[in-house]
Structure formats: structure tokens, C-alpha cells
Amino acid sequence: MSKLLEIALGLVTGIGGFLEAGSLATSAQAGASFGLQLVWAIALGTICLAFLVEMAGRLAAVSKHTLPDAMRERFGIRFFAVPLVVVVLVSFLVLASEIGGVSLALQLATGISFRWWAPAVALAVWLLLWAHKFGLVEKGAGLLGLVTLVFVVAALKLHTPLGQVAANLVPSQPKEEPAKYWFTAVSIIGASVSPYLFYFYSAGAIEDEWDEGYLGVNRLIAGLGMGFGGIVAIAVLACAALVFHTRGLQVDQYEQIPLLLAQPLGRWGFILFVASLGIACFGAALEIALSIAYLVAQGFGWKWGENIKPGQAARFSLTYTVAALLAGLVIFTGIDPLKLTIFSMALTALSLPITVVPLLIIMNDREYLGDNVNHWIANAAVLFVSVLACIVAVVAIPLQLMGGS
Amino acid sequence: MNVRKERSDRPKLTSRWLPRPRLRLGSPRSSRSPRSPHLLVILALITGCHSSSEKKQEKLRQERASWQATAQLTDELSERGAVPAVYRRQVMEKSSENLEKIRRQEQQLSQ
């Protein structure tokens, strides 16, 4: 019974926690600019994420190691420093994007500029992490995040052509603006496969004291939770395709995005959009701030844990405090949150091999996983998507920065 | 002694791995140096993909149409009561701000 509850909660958290600033912004931009053409990028990113999350959970359940722990032990601190720095930097940018997303939601509701909301949001993130335990942070954010299912309702109300969605699961050549097309595709993959997600998941499995008996639960949560989460992201893309693309409306600013729910659902659509953006980004901000602290503390061998008092893991608590407050300051400078979000996602895609390849090596090491090492399909799928996303990012990011087509 | 022997057994790297002497300008092979094709491809990509004036104009036209559509849709939804006044005001401000920016860029391009 408790395992069933665990599965249900895990699924809910997976679905509710899937959408955040990155996936919302990239899916909306993709739908507005290219219609349903980029559905494949969300599907590819979701499949890759499901594999990675399952691996991170399996590693924790079998070896009782979190990902950074195992990486430091297996490769040594010198090698580990590279993914550590890369993931912390990329995650910090994503954290700033999420705080920007919450601040924007508050701006949309009140008319007061997002800049002024950013410090308050950062403070609220810190306060919640400081005062509450892991279960509330993880499950609470996931449960509230179920509000994002409103995008699925809107997509159904707009009579999304499901046949066309299915047809676009196969990648196709862009009809126009190839640089923007590929840049958006890598941003979507980066948004789906953010490293903080699987680092957070592996730390969560240790906090929840998983053992080998949880391998089935882990597989279900990773597969179904992420799969349904991917469907929510596809629904955002479909809404943008049907409301924006048909009118020639491109998404250049966050302020345009609420229209995609207000059009099919009226006033409630607007309210639920603001709630979705605020809750999804706030939940993600909590997870990323914690994820950065987990990574740094586990990497340096400090005492860590969200279930112990902050004073007992002072350096761990200090890390998420500094991360949240600095990220709030970045948004306070007035940087465009949408541009920051999209760029962070593309950088995430660029950094994927650095974060994913060491994980794959560990996942094939019998000293850590015994008979539960990776199947070749999981190795091939994750390696293929990560390297492909990195190569496309190397080409598409400079072209997009040059304003090329 | 063994170490020395191992060292002397190693293949000589200098001939294979050190950079080749530069070809003199005007030499018949200089235009076909191994780096040239890559450089040409990169240059072609950059110049071919970099926005020309026409492309920039087309991009600006699309951006203008996009902001006009944003303002129109917001107006329609506001009339239906689907969005609050505080939101309508924000979108209209952003829209006119961006349309003004686009107008200035179009002027610069036409000069």
C-alpha cells in the first residue's frame, strides 16, 4: 500500500514538476514560430530525461550513492571539478530564469515590474528551504504543479489535431529560418534534460532512503511521470501553434504567453496561466537551489540533507542561501527573463555530454550497480541525444547570436 | 636501462605530429593547404547565413506583424473580459514600445 502511495506521489510529482520556465517558454516559442513541427524535440528530450532519471534513481537505490558522490569517488576530485563547475553554472542560470518566471507571474497579476518582485521571490525560496523538510518541498511543489494540466485541457478545447501531433514525432527539415529552428530545438532538449533534475532525483532517493526494493517504483515514476510531463509540454506547444502560429504571432516577451490560455478558456485561462507560471517556476526554483547545494556539498564531502536542521549542515544551507539570493539579484538587474531562459536552455544542451558521459560510465560499473548495470539501449539512447544536442547547439547558438537564418 | 630502451623504441613523433613547415606564398600548393577547405566552409556558413539587409527587413516586418497581432488579440480578449485591465495595459505598453523600436530599426535600414 505504501509503495502504491509512493508511486502515485512520484507520478504526481513527475507530472506537476515537469513544466517550468524553460519548458514553458521554449514550447510556447516553438509552437508560435513553427506550429507543431517541433513536437519531436519535446519527445526526444522527454525520453532522454526518463532514461537519465531512472539511472539516477537506480544508482541511489542500489549503491546508496548520490550522483556527485559516485562521480567524485570514481573519477577523483580533479576530474569531478569539471562537471561540478559546469552544472553549478548552468543550474545557477536556470535558477535565475525560474525566479524570473515567478516574478513575471507576479508582474502579470499586479502590474508591478518583475524586477521589484525578484528579491522577494528569492527570499521566499530561501525561507521555504530553510524552514521545511524535503518531503514538503518535493511533494508540495509537485502537487501544486498539477495546475499546469490546464494546458492539456486548453489543447483539447482547441481541438488539437492529434494526427498531426503524432506525425511530427518524426523530425523534419525546417521550412524557414533554419538557425532559429535548430536553436529552438536544442533549447527544448536543454529544457527537458536539465541536469538539476537527475541530480535532485538521486539526492531525493537517498533522502527517502530507497533500496533495491524501489527499483520497480523508480522505473514507473521515471517512465510514466516524465512521459505525462512531456505530454503537458506538448500541450503548451499545441496551444501556441493553434493560437499564435495561425495569427503570425511570435513569442518575444513573456507578456504575450498568457494569451494562449486566455483565448480558449477566457478569464479562468488567464488566472490559471499566471498560477501555472508562478507555481511551476517556484517549485523548480526550490528544486534547483537545493540541487546546487546537494551537488556542491556532496562533491566536497560536506554534511548535507534537507531533512536535518540548517545549523547541522551549515555549509549546505549556506550554499542554497547564496544561490537563491544571487539569482534574485541577477533578475533584479532587469535582464530579460525570457531571453535568459532560452539562452540558459541552449547552454544546458551544450553542456550535456560533460554531465551525462560520466554518469553513463558509472552506470556501467558493476562495482556500483552489480547486476543492475545499464542495458545497451539506455546507453545508446542517452549518448545519442546528448551528443546530438551538443553538436546542434555548437552550430545553432553562434548562428542565432549572429541573427542569422 | 630498460627505461632507456623503451624510450629509444618509441616511434619518432616529430615527423608525424609536429606542424609541417609553412608553404611559401605563391607556392602552387598554398591555395590548397589542408586548412583552406574548412576555413572556406566556415566562412561560407557565416556569410551565407548572416542576415543580409533584405532578410533583416523581412525579419522586422514579421516582428511588426507579430506585435500588431498581439495587440489585436489582447484587445479582442479584453472586450470579452478574458483578461484584466492591468494585463491589457502591460501588453499594450510592450507592444507600442516594440513597434517603436522596430520603426526606428526600419528607418536605419532604409537610410
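Modeller: We begin with a single side chain. A:His65 is buried, with a relative accessible area of 17%; the cut-off for buried is under 20%. The model is predicted.

Biologist: Where in chain A is A:His65 found?

Modeller: A:His65 sits in the loop between helix H3 (39-63) and helix H4 (67-75) of chain A.

Biologist: Which side chain makes a polar contact with the side chain of A:His65?

Modeller: For a polar side chain, look for N or O partners. The side chain of A:His65 has a polar contact of 3.2 Å with the side chain of A:Glu73. A polar atom of the A:His65 side chain also lies 2.8 Å from the backbone oxygen of A:Ser63. Leaving out residues up to four places away in sequence, A:His65 touches A:Leu59, A:Ala60, A:Ala70, A:Glu73, A:Ile206 and A:Tyr368.

Biologist: Now the cysteines. How many disulfides does a search of the whole structure find?

Modeller: A disulfide is a covalent bond between the sulfur atoms of two cysteines. Over all chains, the search finds zero disulfides.

Biologist: Is A:Cys281 buried or exposed?

Modeller: A:Cys281 counts as buried, at 0% relative accessibility. A:Cys48 also counts as buried, at 1%. A:Cys281 is placed in helix H13 of chain A. Beyond residues up to four places away in sequence, A:Cys281 touches A:Glu20, A:Ala21, A:Glu98, A:Gly101, A:Val102 and A:Ser276.

Biologist: How many salt bridges does the rule count over all chains?

Modeller: The count comes to 11 salt bridges over all chains. One of these joins B:Glu106 and B:Arg64, with the closest N and O atoms 2.9 Å apart. B:Glu106 lies in helix H5 (residues 85-110) of chain B and B:Arg64 in helix H4 (residues 53-79) of chain B, so the pair ties together parts 42 residues apart in sequence. Both ends are partly exposed: B:Glu106 has a relative accessible area of 21%, and B:Arg64 has 30%.

Biologist: Which residue meets B:Asp75 in a salt bridge?

Modeller: B:Arg88 does, at 2.7 Å from N to O. Here B:Asp75 is in helix H4 of chain B and B:Arg88 in helix H5 of chain B, 13 residues apart.

Biologist: What about a pair within one helix?

Modeller: B:Glu100 and B:Arg103 meet in a salt bridge of 2.7 Å. Both lie in helix H5 of chain B, three residues apart, about one turn of the helix. Through shared partners, salt bridges join B:Glu100, B:Arg103 and B:Arg104 into one network.

Biologist: How is the contact between the chains read?

Modeller: Read the residues, then the area, then the atom pairs. The contact takes 28 residues from chain A and 27 residues from chain B. The area buried between the two chains is about 2400 Å², with carbon and sulfur atoms giving 57%. Across this interface the rule finds zero salt bridges. The polar contacts between chain A and chain B come to eight residue pairs. On the side of chain A that touches chain B, helix H5 (77-110) and helix H13 (259-300) of chain A each supply at least two residues. The largest share of that side, six residues, comes from H13(A). Its residues divide into 11 nonpolar, 12 polar and five charged.

Notes: Residues are numbered from 1 along each chain as its sequence is written. Chains are lettered from A and ligands numbered from 1 in the order in which they are written. This is a predicted model: local features need pLDDT of at least 70, side-chain atom pairs count only at pLDDT 80 or more; totals for chains, interfaces and linings use all residues. Side-chain values use heavy atoms; hydrogens and water are left out. Contact means heavy atoms within 4.5 Å. Buried area is the accessible area (1.4 Å probe) that two parts lose on being put together, summed over both. A salt bridge is a side-chain nitrogen of Lys or Arg within 4 Å of a carboxyl oxygen of Asp or Glu. A polar contact is a pair of N or O atoms within 3.5 Å; within protein, one must be able to donate a hydrogen and the other to accept it, and residues adjacent in sequence count only if both atoms are side-chain atoms. Helices (H or I, at least four residues) and strands (E, at least two) are DSSP runs, numbered from the N terminus. Ala, Val, Leu, Ile, Met, Phe, Trp, Tyr, Cys and Pro count as nonpolar, Asp, Glu, Lys and Arg as charged, and the others, Gly among them, as polar. A disulfide is a pair of cysteine sulfur atoms within 2.5 Å. Buried means under 20% relative accessible area, exposed over 50%, partly exposed in between (1.4 Å probe, protein chains only).
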